[in-house]
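This briefing covers one protein chain and how some of its parts pack together. The sequence and model come next, followed by notes grouped by topic.

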Amino acid sequence: MTRNEKIALGCGIASVIGILVLIGVCVVAFFVWRDQRPVTRSVRNYNFNSNSNSNRNSNSGPDGPTASSNMTEDERHRLFQAASTTGDSEILSDVGKKLGLMEPDGTPNSNYWKFTAKHMAWAIRDSEFLSSINTPEKARAYVDAHMND
């Protein structure tokens, strides 16, 4: 292996580690922020509890129950990433419930941890999507357009 190849490999590995650390920090920051904010909910008319509860027992995906059996794994990761990028904990909670990753009270379930472990690898593979929703406004528009898929 030439010196340039070693440098390129090192840069690639450092980039992957950096992305994983960034995602981990964002997840931890979300939960810290969510626990510190007052509990106020704005009105959203998505009926997630109804969908989530009825599908929790009937549909199952590779990471556990899914609220929409016709969503591909890639679509689930995109929706989750867009919700995370909005910086809005309510949207992230609603998406988590839709994907079967959170309980009705908004606490993560065992599927959440399985999904987020796979999500880090997905984020590395789909950097093009990440750059397409690189602002909270673009991410919110994506969630609004795909929430009912």
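D74 is partly exposed, because its relative accessible area is 31%, and values between 20% and 50% fall in that class. The model is a predicted one.

**D74 and its surroundings**

- Apart from neighbours within four places in sequence, D74 is in contact with W122 and D126.
- D74 and H119 are separated by 45 residues in sequence, while their C-alpha atoms lie 9.5 Å apart in space.
- D74 is also one of the α3 residues that take part in the contact with α5, a group that includes E73 and R76.

**Helix α3 against helix α5**

- Helix α5 covers residues 110-125, and its axis is 11 Å from that of α3, at an angle of about 95°.
- The two helices are therefore roughly perpendicular, as angles of 65 to 115 degrees count as such.
- On the α3 side, the residues in this contact are E73, D74, R76, H77, R78, F80 and Q81.
- On the α5 side, they are Y112, F115, T116, K118, H119 and W122.
- By class, the contact of α3 with α5 holds five charged, four polar and four nonpolar residues.

**Helix α3 against helix α4**

- Helix α3 spans residues 73-86 and helix α4 spans residues 89-98; their axes are 8 Å apart and form an angle of about 165°.
- This angle makes α3 roughly antiparallel to α4, because the class takes in angles over 145 degrees.
- The crossing of α3 past α4 is left-handed.
- From α3, the contact involves L79, F80, A83, S84 and T86.
- From α4, I91, L92, V95 and K98 meet them.
- The contact of α3 with α4 consists of six nonpolar residues, two polar residues and one charged residue.
- F80 is listed in the contact with α4 and also in the contact with α5.

**The chain as a whole**

- The protein chain has seven helices and zero strands, so its elements read α-α-α-α-α-α-α from the N terminus.
- Of the 149 residues in the protein chain, 37% are buried.
- Among contacts with a separation of 6 or more, 69% are between residues 24 or more positions apart.
- The accessible surface of the protein chain is about 8,500 Å², and carbon and sulfur atoms account for 57% of it.

Methods
Residues numbered from 1 in each chain as written. Predicted model: local features only at pLDDT ≥ 70, side-chain atom pairs only at ≥ 80, totals over all residues. Heavy atoms only, no water. Axes fitted to C-alpha atoms, helices over the stretch in contact; angles between N-to-C directions. Helix = DSSP H or I, 4+ residues; strand = E, 2+ residues; numbered from the N terminus. Parallel < 35°, antiparallel > 145°, perpendicular 65-115°, else oblique. Left-handed = near helix turned anticlockwise from the far one by under 90°. Contact = heavy atoms within 4.5 Å. Nonpolar A, V, L, I, M, F, W, Y, C, P; charged D, E, K, R; others polar. Buried < 20%, exposed > 50% of the residue type's maximum accessible area, 1.4 Å probe, protein only. Areas by Shrake-Rupley, 256 points an atom, 1.4 Å probe, with all protein chains shown as cover.
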